[in-house]
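Please look at the sequence and the structure before reading on.

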Amino acid sequence: MTFSLVARCAETGMFGVAISSSSPAVAARCSYAQAGVGAVASQNVTDPTLGPLGLELMGQGLSAPDALERIRQKGAFIEYRQVLMVDAMGRTAIHSGPNALGIWSEAQAENVASGGNLLADSGVPQAIVEGFLVAKGHLGDRLIAAMRAGLAAGGEAGPVHSAGMKIVDKVSWPVADLRCDWTEDCPIEAIATAWDIYKPQLDAYIQRAIDPREAPSYGVPGDE
C-alpha cells in the first residue's frame, strides 16, 4: 500500500523521507529522520516504533545495516514489516519481510534506499532510486523528482491518497515536514505544490526559531 524513499544529501548532510500510500495520513506513521543521524521509513502493516528505534540505534553509532539487523532481532512480527534506513555515512539498508503485501520490491544505492508494497510494478523502487540520483538541486527537489519517477513507473496498484516529505538539517526539528493526509487527486503533486511555496521560506523559518531579531520581515500588518 506504500512506496517511499529515504535519502541523504552528500553535499549538505541533510536527510529526507518521502512517502505515498493509498492509506490515509501515511507520513504520520511511517516517516522518521534526525539531523546528523539518519532517516528511516517503517511501512507495510506499519509498526511505528521501528522508526524511532532505528534512529536511536544509528545515534549510538551503528551503521544502517547493523541497526537494521538489530531491528530484525528485536522487532515484533518482523516478517510483516518493511523498513528502509540511511545513515550519516550514506550507507543504506532495507528489510522486506516475506509477508509484505502484494507485489513488493526494493532498491538502493549510496545515500538512497527505496521500497514499496502492493505495487503496480516491481520496478517502482528502482525507478525511484534512479530518479533521485539523476535529479539536481535541493534535497526536497530531488525527493519530489524521485516520487514522481516512482509514480510514472506505475506506483501503487491502486490510487494513492496520502503523501509526505520530511527533511532534517542541523537543528533538532524538521526543517520541512509537508503532508497531504487525504485527497482524491494526486497527493504527490499536492506535496510538490506545498514544497514550491515552502522552499523559498525555509531558511527564514529556521532563522526565526534561532534568533528572530535577525529574521526577515513577516510581511503582516503591524510588522515593522
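## An enclosed strand

A residue is called buried when its relative accessible area is under 20%. The model described here is predicted. In strand β8 (residues 112-117), six of the six residues are buried, so the strand is largely enclosed by the rest of the structure.

In a regular strand, side chains alternate between the two faces of the sheet. In β8, Val112, Ser114 and Gly116 point one way, while Ala113, Gly115 and Asn117 point the other way, and all are buried.

## The six-stranded sheet

Strand β8 belongs to an open sheet of six strands, which follow the order β7-β8-β1-β2-β9-β10 with antiparallel pairing. At the edges stand β7 and β10 (174-180); each has a single partner strand, so one side of each is left without a neighbour in the sheet. On average, neighbouring strands of this sheet are turned by 5° against each other, direction ignored.

Strand β8 pairs with β7 (residues 105-109) in the antiparallel sense over five bridges, and Glu106 has Gly115 of β8 as its bridge partner. These two strands, β7 and β8, form a hairpin with two residues between them. Asn111, in the turn, has a positive phi of about 75°. Strand β1 (residues 2-8) is also antiparallel to β8, joined to it by six bridges; here Val6 stands opposite Ala113.

Elsewhere in the sheet, β9 and β10 run antiparallel and are joined by six bridges. The bridge partner of Gly164 in β10 is Arg179. Helix α5 lies across β1, β2 and β9 and runs at about 150° to β1.

## The four-stranded sheet

Another open sheet has four strands in the order β3-β4-β5-β6, with antiparallel pairing. Its edge strands are β3 (31-34) and β6 (92-96), each of which pairs on one side only. From one strand to the next, the twist averages 10°. Four bridges join β3 to β4 (residues 38-43), and the two run antiparallel; Ser31 stands opposite Ala41 in β4.

Two helices lie across strands of this sheet. Helix α2 (residues 50-59) lies across β3, β4 and β5 (82-87), at about 155° to β4. Helix α3 (residues 64-74) lies across β5 and β6, at about 25° to β6.

## The cavity

Rolling a probe the size of a water molecule over the atoms shows where empty space is left. The structure holds one cavity of 30 Å³ or more. The largest cavity has a volume of about 60 Å³. Its lining includes Ala18, Ile19, Leu143, Met147, Gly164 and Ile188. The elements that give two or more residues to this lining are β2 (15-21), α5, β9 (162-168) and α6 (187-198).

Which classes of residue make up the lining of the largest cavity? The residues divide into nine nonpolar, one polar and no charged.

## The largest pocket

The largest pocket holds about 210 Å³ of space. It is lined by 16 residues, of which Cys9, Ala10, Glu11, Gly137 and Arg142 are the closest to its centre. Helices α4 (124-134) and α5 (139-152) are the elements that give two or more residues to the lining of this pocket.

By class, the lining of the largest pocket has seven nonpolar, four polar and five charged residues.

Terms used: Residues numbered from 1 in each chain as written. Predicted model: local features only at pLDDT ≥ 70, side-chain atom pairs only at ≥ 80, totals over all residues. Heavy atoms only, no water. 1 Å grid on protein atoms, 1.4 Å probe; cavity = no way out; pocket = protein on both sides within 12 Å on 5 of 7 lines; lining within 4 Å. Points joined across faces, edges and corners; volume = space filled by probe spheres on them. Nonpolar A, V, L, I, M, F, W, Y, C, P; charged D, E, K, R; others polar. Pairing = 2+ DSSP bridges. Axes fitted to C-alpha atoms, helices over the stretch in contact; angles between N-to-C directions. Contact = heavy atoms within 4.5 Å. Buried < 20%, exposed > 50% of the residue type's maximum accessible area, 1.4 Å probe, protein only.
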